[in-house]
Amino acid sequence: MTSRVQPVSGVSIGHWTDAEARTGCTVLLFNRSVLAAAEVRGGAPGTRELDALGYGRIGRRADAILFTGGSAFGLAAADGVMRFLRERDRGFPTAAGPVPIVPSAVIYDLANGRPVAPDASAGYAACRAATPLSEARFGRVGAGTGARFGSVNGAASIQDGGIGAGQQRNGPGTVTAVVVLNAFGIVRDETANMSTDPRRAFVPGARPTSQFSVLQRDNTTLVAVVVDAPCGH
């Protein structure tokens, strides 16, 4: 599936995909260091370098953002992104040379295909494959290759997820969201049938099944929001 978003100056996106193993990684590359912030929710996040973006930190800037499958193992793909950037003299300046800042986050997809994870070579390949957002492919590629959603209604209701993007003009700038959909919930209930409405499981007094609790551990949705208008610190 091709992109339906417009190009954003200074931003490109690249995927590395292993369709057989049903995993992959996606990198958002910036042509210069950009102001960045992060929010982490959930009980079992897998992340790298997000603390560097916290309030009061020295830099709070990113050279790239990595989304990857492979659970915590997939964070190794960030090494390849760092190598790609360092070869281009990108990163936070230090006495020993620039150190690229690559905030990264993972989804759990190890049980959806072969239990392998993207590595440093995958991250590097994703960088080499980067194109403008308007030319990028979305769907079951990159970090969305092994993504799934809908386990809130039980294993029989799980559907393939993927990676997608949306965009909206906001005054002088554009807000672009890139999403890896690996959600516990559903995207939309086409039937509006209360027998399949997952909200009842969250009502006080409800007693989710053991299957409900187990399936919930496998889901994380990753979102990067890129704003090309001036933002305050």
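A nonpolar core here is a set of buried Ala, Val, Leu, Ile, Met, Phe, Trp, Tyr and Cys residues joined through side-chain atoms within 4.5 Å; buried means under 20% relative accessible area, exposed over 50%, and partly exposed in between (1.4 Å probe, protein chains only). This is a predicted model, in which local features need pLDDT of at least 70 and side-chain atom pairs count only at pLDDT 80 or more, while totals for chains, interfaces and linings use all residues. Residues are numbered from 1 along each chain as its sequence is written, and side-chain values use heavy atoms, leaving out hydrogens and water.

User: How many residues has the largest nonpolar core?
Analyst: Happy to start there. Val11, Ile13, Leu28, Phe67, Leu133 and Val180 have the most contacts inside this core. The core's size is 22 residues.

User: Which elements give two or more residues to this core?
Analyst: Elements here are DSSP runs numbered from the N terminus: helices (H or I, at least four residues) and strands (E, at least two). The ones that qualify are β1 (11–18), β2 (23–35), β10 and β11.

User: Is Thr68 buried or exposed?
Analyst: Thr68 sits in strand β4 (residues 61–68). Its relative accessibility is 0%, so Thr68 counts as buried.
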